[in-house]
Amino acid sequence: MDNKTLFKRAQKVIPGGVNSPVRAFKAVGGDPIYIKRAKGAYLYGEDGKKYLDFVGSWGPMLFGHAPDGLIRAISKKIKDGTSFGAPTKEETQLAEAICSFFPSIQKVRVTNSGTEAVMSAIRLARGYTGRPRIVKIDGGYHGHVDSLLIQAGSGATTFGVPDSEGIPSGISHLSLSIPYNDVTALENAFKSVGKEIAAFILEPVPGNMGTVLPSEGYLEAARAMTKKYGALLIFDEVMTGFRITEGGAQKYYGVKPDLTCLGKIVGGGMPLAAFGGRAEIMNFLAPLGPVYQAGTLAGNPAAVSAALWMLAEIKSKKPHSKLHERCAQFYAELHQLIHDKHLPVTLNHMGSMWTLFFTKGPVTDYASAKTSDTKAYARFFHQCLRGGVYLAPAQFETNFISAAHTTKQLSAALRVLKKSLQQNAK
Ligand SMILES: *Cc1c(COP(=O)(O)O)cnc(C)c1O
């Protein structure tokens, strides 16, 4: 069935035809590809075509699509029921497993989505500190949480709507957005209203303005500044957790946040996310403490079985070093081409996360990311798609390489990417 027909029909009954905006291809034009199934590094479309996938459902697919063990684990568990609304022993096993990967986490609660995890972490930070304000970074995306849809990245960037309608100014005024990698801006924010700041939340390695790396000492400065003013440091590792290392960006950079948000990989593609931190802070949550947070389906057995499988697989297979070696070769070839042909393109990457920005760069924050030629990106994207390579359908997003992507598949993708880069980056 063709994508156009499917999309037309969807648009009659689903706003914009999609259940999450960036899926609609608005940033690159054209009709989204309808997916029938996926396996390993491939997506199989309703159009009968096969695509080498670099989106990985926007991050969860560390092991590629539908690994046999994951599917077996979910299928087995779901026969026992889909939700009980009462505790299971597997939820405890999952909490123990998460704590074992993240030394900064002593207690953890699971939610159904990254958005919920962040929303709850923010409320907890406010409840724990008794302060109202939140600091975030420009282009930092934390799901569609009211107080954080200010200068947000991802779909919000692409649509040029940094603020959403429907968020009362009384809420947005409590959030302060500052440029990433700018220690002076951070200092100034804390100097001006430091005693009112509950938390500084950031993606330690932003992925929602495209992949951007922290400059030397930035995360350490964030740690020191929050500590000095008695605010909490929240690392939103929904994308980077289990991705950059098995212990997230905080392990790689050796900076310990007070609270951590996790999602995407931890649920293996099932609706499961989490937030956690020191026991003393987490004990503020109901039923122990005064900060309310809940979820009818939170920790449902099927999602938990997927999470347990993902974490056990990460523990036993230790996929990161091999994966990152393959990725490094892939990036080296792109860097070489950009250099040799003097292309006005910047490749940012961290482990298996990468973005090609259509600008000379360097891209170190939201302002420099936005110098990208998004029309060139759109042409590049569509040429790759025609070549069977499925990239993020927007400039300000991160692409992912999974452990299921073979050297051979990566070489095939490189042929398509290189050709399209040369023809569209001008
Ligand atoms: C995807 C993402 C979220 C939101 O997670 P959802 O499951 O889409 O609600 C939050 N923070 C970051 C850093 C993300 O990448």
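Predicted model: local features only at pLDDT ≥ 70, side-chain atom pairs only at ≥ 80, totals over all residues.
One is Asp80, in a salt bridge with an N to O distance of 3.5 Å, and Asp80 is itself exposed, at 51% relative accessible area. The other is Glu90, whose salt bridge with Lys77 has an N to O distance of 3.6 Å. Because Lys77 belongs to helix 2 (residues 68-78) and Glu90 to helix 3 (residues 89-101), this pair ties together parts that are 13 residues apart in sequence. Glu90, with a relative accessible area of 18%, is buried.

Elsewhere, Glu280 and Arg278 form a salt bridge through their side chains, at 3.2 Å from N to O; Glu280 is partly exposed at 45% relative accessibility, and Arg278 is likewise partly exposed, at 29%. Through salt bridges with shared partners, Lys77, Asp80, Lys89 and Glu90 are joined into one network, and the count of salt bridges comes to twelve.

Turning to the ligand, the residues that surround it include Ser113, Tyr141, His142, Glu203 and Asp236, and the shell divides into three nonpolar, six polar and three charged residues. Ligand oxygen atoms lie 2.6 Å from a side-chain N or O atom of Thr115, 3.1 Å from a polar side-chain atom of Asn208, and 2.6 Å from a side-chain N or O atom of Lys264. Taken alone, the ligand exposes 380 Å², of which the protein buries 82%.

Methods
Residues numbered from 1 in each chain as written. Heavy atoms only, no water. Near = heavy atom within 4 Å. Polar contact = N/O pair within 3.5 Å; in protein donor to acceptor, adjacent residues only side chain to side chain. Areas by Shrake-Rupley, 256 points an atom, 1.4 Å probe, with all protein chains shown as cover. Nonpolar A, V, L, I, M, F, W, Y, C, P; charged D, E, K, R; others polar. Salt bridge = Lys/Arg side-chain N within 4 Å of Asp/Glu carboxyl O. Buried < 20%, exposed > 50% of the residue type's maximum accessible area, 1.4 Å probe, protein only. Helix = DSSP H or I, 4+ residues; strand = E, 2+ residues; numbered from the N terminus.
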